[in-house]
Amino acid sequence: MLKKIFLGAVALGVIGALGFGVYAYKSPIDPISADQRDTFDPDVVEKGRILAAAGYCATCHTAADDPAYAGNYAMDTGFGTIYSTNLTPDMDTGIGSYSPAAFRRAMHEGVDREGRHLFPAFPYDHFTNMTDEDVDAIYAYIMTEVEPVKTIQKENELPFPLDQRFLQAGWKLLFADFGQYEPDPTHSDAWNRGAYLAEGLTHCGACHTPRNLLGAEKASQQYAGAEIDRWSAPALTAANASAVPWTAAEFKTYLIDGTTTYHGVAAGPMGPVVHEGVRELPQSDMDALAVYLADKVGATDDDPAQSKVVLASLQRNQPDPQYRRELGERLYATACASCHYNAEQIRQGRPDLGINSATNLEQPNNLIHVMLDGVNGPEGIPGVVMPGFRGALNDDEITAIAAYLRSNRAGKPDWPNLADTVADIRVNGPTAH
Ligand code: HEC
Ligand code: HEC
Ligand code: HEC
C-alpha cells in the first residue's frame with residue numbers, strides 16, 4: 001500500500017517536473033543585426049529618454065566610473081550579489097541583437113533574448129505593467145542614443161541552487177502578476193496615470209513595499225514601508241509617520257526638488273529616484289503621481305504652515321533657560337542649531353528637525369545616515385550641502401543627539417537599540433549606491 005502511494009507520489013512529481021519544465025522553457029528569439037534595426041522618429045526617441053530616466057535604467061545599469069548603461073553594477077540582494085547587464089546596443093556584450101519583440105519580452109516577462117529567465121533584481125515584475133508603446137520608446141532611445149560599449153560581464157555571486165535561472169520560473173509562478181496595467185474605473189484618469197507610473201515604470205514599491213523571505217514584495221502590504229541599504233523607505237500609506245500630514249502639493253515638490261519644507265530631504269537611495277529619475281517626467285505626470293500618492297497616504301488639503309504641530313515645534317525650538325544640561329542637547333546646540341534653528345517660520349534649506357521625517361520615523365536609520373555623512377551633491381536642494389559628522393562626533397555623541405531630537409523635538413517614544421544602530425551604520429553603511 002505504502003509502495004503504491006510512494007509510486008504515485010513519484011509519478012506525480014515527474015508529471016509536475018515535466019509540467020514545470022514546459023512552463024519554464026522559453027524559446028530564443030532570433031538575433032538581429034544593426035542594419036536590420038528600424039530608424040526611429042526623434043519624438044519617440046525623446047520620449048524614450050524621459051521614460052528611461054524615470055525608470056532609473058541608468059542608475060542600475062551603470063557601475064561607478066564606467067560608461068553609462070555598460071552594466072556590472074553590483075546589487076546586494078540579501079541572497080548574494082547580482083550584477084546588472086550591459087544595456088548598450090553593443091552587438092556581442094550588450095543588447096544590440098535584441099529585436100523590439102525580444103526587448104518587450106525582457107521587460108514584460110523577465111526573459112532574455114536567448115530564453116533565459118532573469119532575476120527579479122531587475123524589476124520586471126513592475127515593468128510588466130507598461131504599455132508596448134512605452135517599452136518600444138525606451139528601445140528606440142537605447143538603440144539610437146546610447147553609445148555601444150564592450151564589456152566583460154561579472155559573474156553573479158549566488159549560492160546553489162539560487163543561481164539556477166530556470167528556477168526563477170517558479171518564483172514567477174508564485175509571485176509575479178504579469179500583464180499590463182488595467183485602469184481602475186473607480187478612480188480618476190489622473191489617479192490611474194499615477195498608478196500606472198508608480199506601479200510600473202517608476203516601481204516605487206520596489207523600495208517602499210516590504211518583501212517576503214524569497215524576496216518578493218508582499219502584495220497585501222503595498223507601500224507599508226521597508227528597509228533598503230540600511231535606510232528606511234517610509235510607509236506611503238495611512239501609516240506614514242509624518243508629524244505634519246502630507247498634501248498632494250508637497251508630494252509634487254518632493255518628487256521634483258528632492259526636498260520639502262515640512263518633511264525633509266530625499267536622501268540616500270531616494271536621491272537618484274528624484275534627481276536621476278522622476279523629475280524628468282512632464283508636469284502632468286508629476287501631478288498624477290501626486291494625486292495617486294495623496295490618495296494612498298490619505299493626504300489633506302490643509303495648509304501645513306498653519307499646522308499646530310509646526311507652530312508647536314517652532315516653539316520648542318526656542319532656547320530654554322534650563323537647557324544645555326544633557327549631552328545630546330548641548331551637542332545639538334553647538335553642532336546643529338546654527339543651521340537648523342528657525343524663529344517664526346520654517347525657511348527653505350533649514351529643515352525643522354522636530355517635524356522632519358528622519359526624527360519621526362519608527363527607525364532612527366535615516367537620521368543616523370544624515371548625521372554621519374551629511375546631505376550632498378545628488379541629494380536635496382542642488383548646491384545646498386549639509387556636512388557629515390562622521391569624523392567630528394563619536395558613536396555616543398551621535399546617539400545622544402538622536403535621542404535628544406527624538407524625545408524633546410519630535411516628542412516621540414525612544415528608539416530601541418539606538419546605540420547599536422549607530423554603530424552598525426557607521427561601519428556597514430553607506431553601501432555602494
Ligand atoms: C533595480 C535595478 C534595475 C533597474 C532600475 C533596471 N534594471 Fe535592467 N536589469 C537589472 C539586473 C540586475 C539585470 C540582470 C538580471 C539577470 O542577470 O538575471 C537586468 C537586466 C535587464 C535586461 C536583460 C538584458 C540582458 O542582456 O540580459 C534588460 C533588457 C533590462 N534590464 C532593461 C532595463 C530597462 C529598460 C530599465 C529601465 C526602464 C531597467 N532595466 C532598469 C537591474 C535593473
Ligand atoms: C531605490 C529605493 C527607492 C525607490 C525606488 C523609491 N523610494 Fe521613496 N524613499 C526611499 C528612501 C530610502 C526614502 C527615505 C529618504 C530620506 O528620508 O532621506 C524615501 C522617501 C520617500 C518619501 C518621503 C516619505 C516621508 O514620509 O518622508 C516619499 C514621498 C517617497 N519616497 C516617494 C516615492 C515614490 C513616489 C517613488 C516612486 C516614484 C519612490 N519613492 C521610489 C527609497 C526609494
Ligand atoms: C552647515 C549647516 C548645517 C549643519 C551644521 C547641520 N545641518 Fe543638517 N542640514 C543642513 C541643510 C542645508 C539641510 C538640507 C539639505 C537639503 O535640503 O539639500 C540639512 C538637512 C538635515 C536633515 C534632513 C534629512 C532628511 O532626510 O530629511 C537632518 C535630519 C539634519 N540635517 C540633521 C542635522 C543634525 C542632527 C545636525 C547636527 C549634528 C545637523 N543637521 C547639522 C545644514 C546643516
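**Close-up views of a predicted model**

**View 1. Helix α8 packs against helix α12.** Helix α8 (residues 189-199) and α12 pack at an angle of about 90 degrees, with 7 Å between their axes. Axes are lines fitted to C-alpha atoms, for helices over the stretch in contact, and angles run from 0 to 180 degrees between N-to-C directions. α8 and α12 are therefore roughly perpendicular to each other (65 to 115 degrees; angles under 35 count as roughly parallel, over 145 as roughly antiparallel and the rest as oblique). Helices (H or I, at least four residues) and strands (E, at least two) are DSSP runs, numbered from the N terminus. The model is predicted: local features need pLDDT of at least 70, side-chain atom pairs count only at pLDDT 80 or more, and totals for chains, interfaces and linings use all residues. Residues are numbered from 1 along each chain as its sequence is written, while chains are lettered from A and ligands numbered from 1 in the order in which they are written. On the α8 side, Ala190, Trp191, Arg193, Gly194, Ala195, Leu197 and Ala198 meet Asp285, Asp287, Ala288, Leu289, Val291, Tyr292 and Asp295 of α12; two residues are in contact if their C-beta atoms, placed from the backbone, lie within 7 Å. This contact has nine nonpolar, one polar and four charged residues (Ala, Val, Leu, Ile, Met, Phe, Trp, Tyr, Cys and Pro count as nonpolar, Asp, Glu, Lys and Arg as charged, and the others, Gly among them, as polar).

**View 2. Ligand 2 lies between domain 2 and domain 3.** The shell around ligand 2 receives residues from both domain 2 (189-297) and domain 3 (304-428), so ligand 2 lies between them; domain bounds come from an automatic or database domain assignment. Ligand 2 is surrounded by 31 residues, the closest being Cys204, Cys207, Ala267, Met270 and Ser357 (C-beta atom, placed from the backbone, within 6 Å). Elements that give two or more residues to this shell include α9 (205-208), β4 (231-233) and α16 (357-360). The largest share, three residues, comes from α9. The shell around ligand 2 holds 21 nonpolar, ten polar and no charged residues.

**View 3. Domain 2 meets domain 3.** In this contact, 24 residues of domain 2 touch 27 residues of domain 3. On the domain 2 side, α11 gives the most, with three residues. That side has ten nonpolar, eleven polar and three charged residues. The C-alpha centres of the two domains lie 23 Å apart.

**View 4. Ligand 1 and its surrounding residues.** Around ligand 1 there are 21 residues, of which the closest are Gly55, Cys57, Cys60, Leu118 and Phe122. α3 (57-61) and α4 (100-109) each supply at least two residues of this shell, and the largest share, three residues, is that of α3. By class, the shell around ligand 1 has 16 nonpolar, four polar and one charged.

**View 5. Helix α17 is largely enclosed by the rest of the structure.** Seven of the nine residues of α17 (residues 365-373) are buried, so the helix is largely enclosed (buried: 20 or more other C-beta atoms within 10 Å of its own; exposed: 12 or fewer; partly exposed: in between; C-beta atoms are placed from the backbone). The buried residues are Asn365, Asn366, Leu367, Ile368, His369, Val370 and Met371. Their cover includes β4, α16, α18 (395-409) and α19 (418-428). Just after α17, glycine 374 takes a positive phi of about 70 degrees.
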